[in-house]
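Try each task before you read its solution.

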Amino acid sequence: MKERGSQQSLFATRYSLFAIPFALGVAVLAAWEFLVRHYGVPAIVLPPPSAIWAAFAGNFASLMASLWVTFSVTLVAMAAAFAGGLLLAVIFSQSRLVEAALYPYAVVLQVTPVIAVTPLILIWVGFDRIDLVLVIIAWMIAFFPVLANTTLGLKSADHNLIDLFRLYGASRWQILTRLQMPTALPYLLGAMRVSGGLALIGVVTAEMVAGSGAATGLGWRIIEAGNRLEIAKMFAALALLSILGIAIFFALSLLEWATLHRWHESAVKKQG
Amino acid sequence: MAALLTLEGISKRFDGGVEALAAVDLRIGAGEFVSLVGPSGCGKSTALRVIAGLLAPSRGAVTWPGGKPAIGFVFQEPTLMPWADAVGNARLPLDLKGVARGEAEARAMRALARVGLDGFERAFPRALSGGMKMRVSIARAIAAEPKLLLMDEPFAALDELTRQALNDDLLKLVREDGLTVIFVTHSVYESAYLSDRVVAMTPRPGRVAADLALSPPRVRDQGYRLTPEFAGAAGRVSAALKKANSE
């Protein structure tokens, strides 16, 4: 049987998962630098990577501070979304009445364009508590995947296992904690991975719309840099945001792997 | 022999109109190994679930003259919790009853050793073969030291050799613990090998068509399958089934 030759050996090491996209990124950056210089593209339209780096280095302190602000608010919003989604899903699993009553409203929250609602939340919560506004907005976007997936997961317990639990006289609490929640865990972790990214998007969007005031996150930096035509700085802030998003995604993926790899089918290495 | 349980006039009609059982009368004595055989859909699994208390009969009653004993149930699927290792799975009935952790752990380990899974206590279900998963399922059923074992075609999904090995392991456990077993199976040969009694059921709605007393040797092994006595027993079961099917 012929081996799938060079493609197979390329993926032989774990490093290839990082090395291949990294190599592509470097190639794109090099091409970008060259083409922008070669065609004399104006810096306010598309700055070369070298200018972006210079803007980053030159504004290091303020960009890092903004990164921290965005990151910490995102973290809070994520935690609230995970906790809220999980709690609501558990409540739904215990009462079909509550689920039927509240689920459509949860969907409404999900599909409401957040940009439209931000000014309203600002007025209600107050301009002196921008952080809370950001968390609320990000929560609105991020909690629904957790709610929807965990609800599904809680309902997905093996029916024979449910019978077995009943046979041995398990209480509702025991069925919830020993059967339904472990069953829901893979669903929850998958949703968290998506939710983390959504929380970040929510925070940045809200920062942009909430305007100045106490806003000092990366979202606001991007608007500010755009207003001042500091395009290279804008790109630098964008790059930082992307890195933050990737870091959150990887952290949550790692959490998923760490929790599931010993027993879940999704973590089984493919044979051959 | 004292009756452990009796079924009197058990019928079961499901929502949707399916009548799974029609007036089943059965008396099971303590220590008996009773097989329920019959065509697919004849209500054997339903009867087992009614006995276990998982389903309420539409009519009739299950009575336990000596009180309801501890029951172990084994499904056709191993039905293990994938997130727990073998001990974690075997401990389940004990954990649910609130047995202290140390004792539950010890009893589960002992049950696993009795089904031949020494050394696999920390393995997760996805690392176990079908036969091994079924052994964990059996260990779980016996961990709480039941007096009655209900088994719903437990070996149907396994290959022949594994099935025969598990047949013998089951007989050993039953002998050691003095268990009463109600064993649902499709297989005429399996019922003839394992049972003191075979109850043949009619197609849906299921009713008892025949109740055969077999007398297999008390201690038997695979060699018994080659004897004329076994062939005779299997023949009787087969004939009873054919007759039941044509009713």
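**Exercise 1: the neighbours of S6(B)**

S6(B) and S7(B) run parallel, with five bridges joining them. Keep in mind that this is a predicted model.

Task: work out which residue stands opposite Leu150(B) in S7(B), and how S5(B) and S6(B) pair.

Solution: 
- Start with S7(B): the residue opposite Leu150(B) is Ile182(B).
- Now try the other partner: S5(B) pairs with S6(B) in the parallel sense, over four bridges.
- Finish with burial. In a regular strand, side chains alternate between the two faces of the sheet. Here Leu148(B), Leu150(B) and Asp152(B) point one way, Leu149(B) and Met151(B) point the other way, and all are buried.
- Five of the five residues of S6(B), residues 148-152, are buried, so the strand is largely enclosed by the rest of the structure.

**Exercise 2: S3(B) and its partners**

Task: find out which strands S3(B) pairs with, and say whether its faces are covered or open.

Solution: 
- Take S7(B), residues 180-185, to begin with: S3(B) pairs with it in the parallel sense over five bridges. Val37(B) stands opposite Thr185(B) there.
- Next comes S8(B), residues 197-201, which runs parallel to S3(B) and is joined to it by four bridges. The bridge partner of Val34(B) in S8(B) is Arg197(B).
- Then check the faces. Phe33(B), Ser35(B) and Val37(B) are on one side, Val34(B) and Leu36(B) are on the other, and all are buried, so both faces are covered.
- Put together, five of the five residues of S3(B) are buried, so this strand is largely enclosed by the rest of the structure.

**Exercise 3: the cores**

Task: name the residues that touch the most other members of the largest nonpolar core, then list what Ile182(B) touches.

Solution: 
- The largest nonpolar core has 77 residues, and those touching the most other members are Ala90(B), Leu112(B), Ala139(B), Leu150(B) and Ile182(B).
- Helix H5(B), residues 130-143, gives the largest share of this core, with seven residues.
- Leave out residues up to four places away in sequence, and Ile182(B) touches Ile28(B), Val34(B), Leu36(B), Leu48(B), Ile51(B) and Leu150(B).
- Another core lies apart from that one, with 57 residues, including Val146(A), Met181(A), Ile222(A) and Leu252(A).

**Exercise 4: where the chains touch**

Task: say how many residues each chain brings to the contact, and which element of chain B gives the most.

Solution: 
- Chain A brings 18 residues and chain B brings 15.
- On the chain B side, S5(B) and H3(B) are the elements giving two or more residues.
- H3(B) gives the most, with three residues.
- By type, the chain B side splits into 11 nonpolar, one polar and three charged residues.

**Exercise 5: a helix and a loop in chain A**

Task: locate the kink in H7(A), and decide whether Arg228(A) is buried or exposed.

Solution: 
- H7(A) covers residues 130-155, and its 26 residues reach 38 Å from first C-alpha to last, close to the 38 Å expected.
- Its kink, of about 35°, is centred on Met140(A).
- Of its 26 residues, 21 are buried, so H7(A) is largely enclosed by the rest of the structure.
- Turn to Arg228(A), in the loop between H10(A) and H11(A). Arg228(A) has 10 other C-beta atoms within 10 Å, and 12 or fewer counts as exposed, so Arg228(A) is exposed.

Terms used
Residues are numbered from 1 along each chain as its sequence is written. Chains are lettered from A and ligands numbered from 1 in the order in which they are written. This is a predicted model: local features need pLDDT of at least 70, side-chain atom pairs count only at pLDDT 80 or more; totals for chains, interfaces and linings use all residues. A residue is buried if 20 or more other C-beta atoms lie within 10 Å of its own, exposed if 12 or fewer, and partly exposed in between; C-beta atoms are placed from the backbone. Two strands pair if DSSP finds at least two bridges between them. The expected span of a helix is 1.5 Å times one less than its number of residues. The bend at a residue is the angle between axes fitted to the seven residues ending there and the seven starting there. Two residues are in contact if their C-beta atoms, placed from the backbone, lie within 7 Å. Ala, Val, Leu, Ile, Met, Phe, Trp, Tyr, Cys and Pro count as nonpolar, Asp, Glu, Lys and Arg as charged, and the others, Gly among them, as polar. A nonpolar core is a set of buried Ala, Val, Leu, Ile, Met, Phe, Trp, Tyr and Cys residues joined through C-beta atoms within 7 Å.
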